Amino acid sequence: MKWRKSFIPTLREIPREGDIKSHILLLKGGFIRQVASGVYAFLPLGWRVFKKVSQIIREEMERIGAQEFYYPSLIPRELWELSGRWISFGDDMFRLKDRKSRDLSLAPTHEEVVSELIKKEIRSYKDLPQIWYQIQTKFRDEPRPRAGLLRCREFAMKDSYSLDATWEELDKSYELHYDAYSKIFKRCGLVFNIVEASTGVMGGKESHEFMVESSSGEDSLAICHECSYSANLEIAEAYPMNEEIEGKYKSKEKIHTPDVRSVQEVSEFLGVTSREIIKSILFKRNGKKVLALVRGDCEINEAKLARVLGGEVRIFESGEILEEFGVSAGFVGPLEINVDEIVGDYSVKGIKNGVVGANEDNYHIVGVTPGVDFEVKKFADIRKVKQGDLCPKCKSPLEIKNAIELGHIFKLGTRYSETMDVYYADKDGQLKPVIMGSYGIGLGRIMAAAQELYADEDGMVWPLSIAPFDIHILPLEMRGRIKDEADRLYKKLVQKGEEVLMDDRDETPGVKFKDADLLGIPLRITIGRKFMEKNLFEIRVRKTKESIETDGNEIYDKIQNIKGELLKNGNL
RNA sequence: CGGGGAGUAGCGCAGCCCGGUUAGCGCGCUUGGUUCGGGACCAAGAGGUCGAGGGUUCAAAUCCCUCCUCCCCGACCA
């Protein structure tokens with residue numbers, strides 16, 4: 001491709017809407033343009049990358065025997081009502097009406113469509129196993145789209161479902177996906193973590209996420225560097241905190257603590273450490289009132305609490321607390337409080353003579369001990385793991401890192417097939433629920449994550465496997481011998497099947513170099529002064545900034561060598 | 001949903017508090033010329049419903065009201 005005939009609108013200045021590195025660079029490099037909040041057009045370069053990514057995904061999916069489908073984006077309301085999600089999806093679902101006033105949605109996911117197909121078409125164990133996948137646009141009206149391609153309202157996703165007759169076969173399908181995903185992300189040139197993940201509201205038994213560490217990521221991981229333990233913070237565990245902590249106040253006493261609410265304020269006001277404060281947080285579960293307790297230097301993990309209690313939980317809002325308990329948030333405590341259940345985190349168990357809210361505004365009670373001054377029916381792991389906590393497996397300190405979720409695989413099991421009524425006839429003629437797995441990948445996120453990982457101060461750096469082009473030819477003059485030689489080289493490389501972009505603009509060298517760095521094509525071939533003097537081309541590797549000089553006879557072989565090296569070294 | 005910021009030429013911004021000729025600047029763009037290994041130089045030029053609507057005023061980018069769009073932070077851990 002020649003630049004002058006291409007549409008590559010690079011920008012000199014940082015666009016106003018750009019925030020994180022990948023977003024800014026994709027805009028600057030002319031890969032994407034924003035159409036609306038969380039909605040992007042892919043320009044030719046961006047689309048080339050997208051197609052490379054999707055090709056890799058297709059190849060690896062086909063390799064595990066998956067078949068590609070194409071589903072509609074327009075889904076009628078009736079289909080959602082089968083699963084109850086017309087209501088439960090809430091505002092995240094884009095809804096519209098057709099000319100006859102029928103309700104439709106833009107698919108935020110395709111589970112219902114798939115399930116309907118399975119339900120209608122899969123009848124016998126002989127029809128199983130199957131892996132069905134699709135790469136499609138999903139629409140979700142996110143409360144806050146952000147970070148360019150990382151959180152969009154319209155985005156491309158590879159989704160697959162495994163359909164099996166037995167749990168053993170599900171394990172096999174899961175394994176296949178686990179391996180296929182590993183290959184996909186590796187082939188995309190990414191460095192990633194595979195972490196244990198929450199199965200969420202959908203239920204299911206096992207789940208992993210494929211994560212790229214990045215400060216721009218919205219997820220947090222707990223990672224152990226000593227053993228293999230790593231998990232999404234939503235479910236991460238730590239070696240239980242069971243230290244004995246002796247508080248400062250030895251006898252139970254109600255103390256006036258005017259306007260002292262937060263743990264920090266309490267600890268400063270009373271001169272106690274945050275570790276001897278028992279934090280009391282009120283939750284609702286199915287209309288029941290639950291008080292959750294955690295040590296003052298820790299936080300509650302709602303997802304864990306939900307699992308312990310079985311079912312979704314919702315925190316009490318401060319207004320609701322005042323209404324139901326007649327006390328402001330900040331002075332809630334476990335003594336004589338009217339709740340259905342008290343759950344304590346293990347970290348609270350060892351506190352003696354601690355500090356709690358008095359359930360009366362502007363008062364706290366000191367010298368309070370769980371089991372003595374109040375009963376905790378259940379102790380459980382309900383706290384959020386934090387930096388430096390000990391690994392549950394090997395007791396080394398855990399590190400907390402932000403990460404971008406690129407892929408998520410999980411064993412749905414029968415939960416979905418049972419609610420959606422998806423059954424097959426077994427060998428003995430008995431109806432049994434199809435055992436399902438669900439597996440997703442965000443394509444745009446792969447593009448963004450690659451730049452979050454590799455972009456440098458000069459611009460993007462694409463892994464060879466997903467780069468828009470492999471080679472970027474830079475003739476520094478568009479006349480005379482340099483132009484002729486560049487044309488000849490371009491033709492030769494294209495004929496040999498290389499993907500080449502040639503900057504044939506009549507621009508100064510500085511402009512061409514800057515744009516080349518910005519686009520991040522892995523190999524750059526410069527034809528300029530060195531060629532005029534010694535007939536030498538310069539091949540430069542974008543990632544390492546290393547360059548070699550070569551003559552016209554050897555250049556093709558040299559290119560192949562470098563590409564080979566790049567592929568060997570994880571694609572960069 | 002709560003809080004904050006922004007919308008002026010293709011892009012990035014100034015002007016707005018304190019209303020007053022033809023609304024500026026940088027980059028980009030067009031034409032001509034000189035350049036040609038890290039975002040060149042000279043000259044001439046084109047390009048604007050100042051987000052939309054309404055109001056105040058002799059006069060509005062500027063003041064007031066309503067709305068739209070975009071960005072950031074937060075969404076209740078007491």
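In which helix is the place of S347? S347 sits in helix α10, residues 346-349; helices (H or I, at least four residues) and strands (E, at least two) are DSSP runs numbered from the N terminus.

## Basis

This is a predicted model, in which local features need pLDDT of at least 70 and side-chain atom pairs count only at pLDDT 80 or more, while totals for chains, interfaces and linings use all residues. Residues are numbered from 1 along each chain as its sequence is written, chains are lettered from A and ligands numbered from 1 in the order in which they are written, and side-chain values use heavy atoms, with hydrogens and water left out.

S347 is buried, at a relative accessible area of 1% (buried: under 20%, 1.4 Å probe, protein chains only). Beyond its neighbours within four places in sequence, S347 has contact (heavy atoms within 4.5 Å) with M241, V294, R295, C298 and R383.

The side chains of S347 and D345 are joined by a polar contact of 2.7 Å. A polar atom of the S347 side chain also lies 3.3 Å from the backbone nitrogen of R295.

## Surface near RNA strand B

RNA strand B is surrounded by 45 residues (near: a heavy atom within 4 Å). The closest are D19, R144, R261, K279 and D517. Helix α14 (509-519) is among the elements that supply at least two residues each, and α14 gives the most, with 7 residues.

Methods: Buried < 20%, exposed > 50% of the residue type's maximum accessible area, 1.4 Å probe, protein only. Polar contact = N/O pair within 3.5 Å; in protein donor to acceptor, adjacent residues only side chain to side chain.
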